[in-house]
Amino acid sequence: MKDRFDEFGGKFVPEPIIPALEELEKEYTEIKNSTEFQEQFREILEEYAGRPTPLTYSEKLSQKFGCKIYLKREDLLHGGAHKLNNTLGQALLAKHMEKEKIIAETGAGQHGVATSMAGAKMELETEIFMGKKDLERQKLNAYRMRLLGAKLNPVTTGEAKLKDAVNEALRAWVKELENTHYLIGSVVGPSPFPEIVRDFQSVIGKETKKQIQQKENSLPDRIIACVGGGSNAIGIFHEFVDKDVKLTGIEAEGSASITNGSKGTLHGSMSKLLQTEEGQIKETESIAAGLDYPGIGPEHSMYNQKERINYKTANDEEALEAFKLLSKAEGIIPALESSHALAQLPKIQNDLSPDDIVIINLSGRGDKDVREVSNLE
């Protein structure tokens, strides 16, 4: 497995965690290509999660922006977001490692819900850490986690958001390494987590490639995805990084680690992050809790440095406009995170032609965000 993505990645963690990471890497390397494990993963994705998800042609958006626009419908996955791909994969891995408990962090709550679902499905004790601010704006997901049997811990330290939830989850994991698996939610953290999460999320890109070739007998010209930690984006991009396809990741303007950050370490990994000259983590702000994170996965930092993936930003107002646009145009309410990807369409409209094929990764549905958006009106 890759410990580094060029100069990014690595294991910047306290010494007691190193053996747990080495065990995780050894166990995952042994089973990831086994026929039995892959068959278990495929079956649970199909029978429980609801894969494959559709690749939906958006007639109204295509007319508006003058090209062919498709939506990869991760919002239709059980639980309402792409997160379940990874949590089911890691829960299977945890069972293989004979762990009894899973611990996770969550921001928008989608990873927490998906982890709780995987824990309930596979009879694993589940504990979730969620920043108090995120908990307040995502009360529906907080209730869903508890309903699914998870223990939900509000985090009040720091900004009481995703970064702080990760901190607390890591601290809890250190105390229970022997019987507990830390089920990280994005392509962040110390090696081997970024590669493990990418592998489980790459089902998105594999399906997308097959589906677009069936529909258009061609690869897309562009793929656009929102980027916080970066799991939905790397999940759809990975199958196309060696193809002649323009890849664009959209960060929230108030937490744009690639666009405005610098090289540093956060949560056990070297990557791009928002920090002061003294190395202190800056506060972030985004209407989308799932993008409200001051770092990004190391593989994204590598692709940015290589100029293989183009990273742009969208602000809260642009995301809200996109949220309302898709809802009214197609009867699909997108997550505020996914709305950032949709917000790129007006900015590239002049560069598009009628034959251009554009795929937006609709990483989640917006049920969780309706209350917050309605309060802003």
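Let me begin with a term: a residue is called buried when its relative accessible area is under 20%, exposed when it is over 50%, and partly exposed in between, using a 1.4 Å probe and protein chains only. What we have here is a predicted model, in which local features need pLDDT of at least 70 and side-chain atom pairs count only at pLDDT 80 or more, while totals for chains, interfaces and linings use all residues. Residues are numbered from 1 along each chain as its sequence is written, and side-chain values use heavy atoms, with hydrogens and water left out.

With that term in hand, let us turn to the backbone. Most residues other than glycine have a negative phi, and most peptide bonds are trans. Asp6, in the loop between β1 (4-5) and β2 (8-9), has a positive phi near 55°, and this residue is partly exposed, with a relative accessible area of 44%. Asn217, which lies in the loop between α10 and β9 (222-227), also has a positive phi, about 55°, and Asn217 is exposed, at 70%. The helices here (H or I, at least four residues) and strands (E, at least two) are DSSP runs, numbered from the N terminus.

Which peptide bond ends at Pro52, and is it cis or trans? The bond from Arg51 to Pro52 is cis, with omega near 0°, and Pro52 sits in the loop between α2 and β3 (55-57). Another cis bond joins Ser191 and Pro192, with omega about 15°, and Pro192 is in the loop between β8 (180-182) and α9.

Now to the pockets. A pocket is an open set of points, on a 1 Å grid over the protein atoms alone, where a 1.4 Å probe fits, with protein on both sides within 12 Å along at least five of seven lines, and lining residues have an atom within 4 Å of a point. The largest pocket has a volume of about 510 Å³, where volume means the space filled by probe spheres set on the points, which are joined across faces, edges and corners. This pocket is lined by 20 residues, and Gln38, Phe41, Leu45, Val203 and Lys206 lie nearest its centre. The elements that give two or more residues to this lining are α2 (35-49), α9 (193-201) and α10 (203-216).

The second largest pocket holds about 190 Å³, and helix α8 (residues 162-175) gives the most to its lining, with 4 residues.
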